[in-house]
Amino acid sequence: MGRLNRDAVIAIILLMACGILFWSTFSIRAPDYGQLKPSTWPRVILGLLTLLSVLYLGQSLRQGPAQKDEYDTYDAGKASASGLKGWLAHWRNPIWCYVLFFFYLITLPYLGSLIGGLAFVFTLMGVLGGWSPRRLAVHATVAIATVGGMWAIFTFGLGVFLPPGEIFTVF
């Protein structure tokens with residue numbers, strides 16, 4: 001057997017994590033009330049994550065070993081010539097994700113999960129994907145569909161009260 005590519009290694013790590021997490025769901029205390037065990041939803045999510053990890057592993061094994069520098073998009077000459085500026089340019093997208101998520105968390109008590117989530121997803125997509133008029137419409141559609149859909153599922157389908165914020169309260 002040849003060398004594994006990075007995707008296969010990541011898939012194996014994900015599968016091990018899923019196994020450990022699934023095993024830990026057996027230690028979730030089951031109360032005497034309620035119709036559904038507290039471990040049900042974590043097991044469903046972990047089952048789906050395990051299935052996706054198996055598919056990921058199969059796809060990466062079919063791909064074969066990685067060629068040298070196949071995944072390396074880091075421009076060493078640019079980073080070494082520029083120092084901190086090159087490092088910031090290379091890690092720009094993850095830094096934006098963390099900074100915007102931090103602002104989402106800070107504004108969560110005021111904006112709530114619905115408005116704050118919409119603003120977070122829309123802004124993050126704009127920062128990472130661009131601000132052209134066509135893209136703004138796509139960003140708004142994706143933000144409304146994903147955040148609004150998840151908010152509706154949790155609020156009306158599962159009966160979970162998400163942080164309403166001070167601007168928009170449903171109940």
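Predicted model: local features only at pLDDT ≥ 70, side-chain atom pairs only at ≥ 80, totals over all residues.
Modeller: A residue counts as buried when its relative accessible area is under 20%, as exposed when that area is over 50%, and as partly exposed in between.

Biologist: Is Cys 18 buried or exposed?

Modeller: Cys 18 has a relative accessible area of 3%, so with the limit at under 20% this residue is buried.

Biologist: Where does Cys 97 fall on that scale?

Modeller: Cys 97 has 28% relative accessibility, and therefore counts as partly exposed.

Biologist: How many disulfides are there in the whole structure?

Modeller: A disulfide is a covalent bond between the sulfur atoms of two cysteines. In this model the search for disulfides returns zero.

Biologist: What share of the chain counts as buried?

Modeller: The chain has 171 residues, and 19% of them count as buried.

Biologist: What part of the contacts joins residues at least 24 apart?

Modeller: Take the contacts between residues at least 6 apart in sequence: 58% of these join residues at least 24 apart.

Biologist: How do I read the packing of helix H1 and helix H2?

Modeller: Start with the angle and the axes. H1 covers residues 6-24 and H2 covers residues 40-63; they pack at about 160°, and their axes lie 8 Å apart. Angles over 145 degrees count as roughly antiparallel, and H1 and H2 are therefore roughly antiparallel to each other. Their crossing is left-handed.

Biologist: Which residues of H1 and H2 make the contact?

Modeller: On H1 they include Ile 10, Leu 14, Cys 18 and Phe 22, and on H2 they include Leu 46, Leu 49, Val 54 and Leu 57. Sorted by class, the contact of H1 with H2 has 15 nonpolar, four polar and two charged residues. The buried Cys 18 is thus part of this contact.

Biologist: Where is Cys 97, and what is it in contact with?

Modeller: Cys 97 sits in helix H5, which runs over residues 92-129. With neighbours within four places in sequence left aside, Cys 97 is in contact with Phe 120, Leu 124 and Leu 128. A C-alpha distance gives another view: Cys 97 and Val 127 are 30 residues apart along the chain, and their C-alpha atoms are separated by 9.1 Å.

Biologist: At what angle do H5 and H6 pack, and what is the hand of their crossing?

Modeller: H5 and helix H6, residues 133-157, pack at an angle of about 145°, with axes 9 Å apart. The crossing of H5 and H6 is right-handed. Among the residues that meet are Leu 118, Phe 122 and Met 125 of H5, and His 139, Ala 140 and Trp 151 of H6. The contact of H5 with H6 divides into 12 nonpolar, seven polar and one charged residue.

Biologist: Are His 139 and Ala 140 buried or partly exposed?

Modeller: His 139 has 6% relative accessibility and counts as buried, whereas Ala 140, with a relative accessible area of 27%, is partly exposed.

Biologist: What is His 139 in contact with beyond its sequence neighbours?

Modeller: Setting aside neighbours within four places in sequence, His 139 is in contact with Phe 122, Met 125, Gly 126, Gly 129 and Gly 130. For Ala 140, take Leu 118: the two are 22 residues apart in sequence, with 8.2 Å between their C-alpha atoms.

Key
Residues numbered from 1 in each chain as written. Heavy atoms only, no water. Disulfide = S-S within 2.5 Å. Buried < 20%, exposed > 50% of the residue type's maximum accessible area, 1.4 Å probe, protein only. Axes fitted to C-alpha atoms, helices over the stretch in contact; angles between N-to-C directions. Helix = DSSP H or I, 4+ residues; strand = E, 2+ residues; numbered from the N terminus. Parallel < 35°, antiparallel > 145°, perpendicular 65-115°, else oblique. Left-handed = near helix turned anticlockwise from the far one by under 90°. Contact = heavy atoms within 4.5 Å. Nonpolar A, V, L, I, M, F, W, Y, C, P; charged D, E, K, R; others polar.
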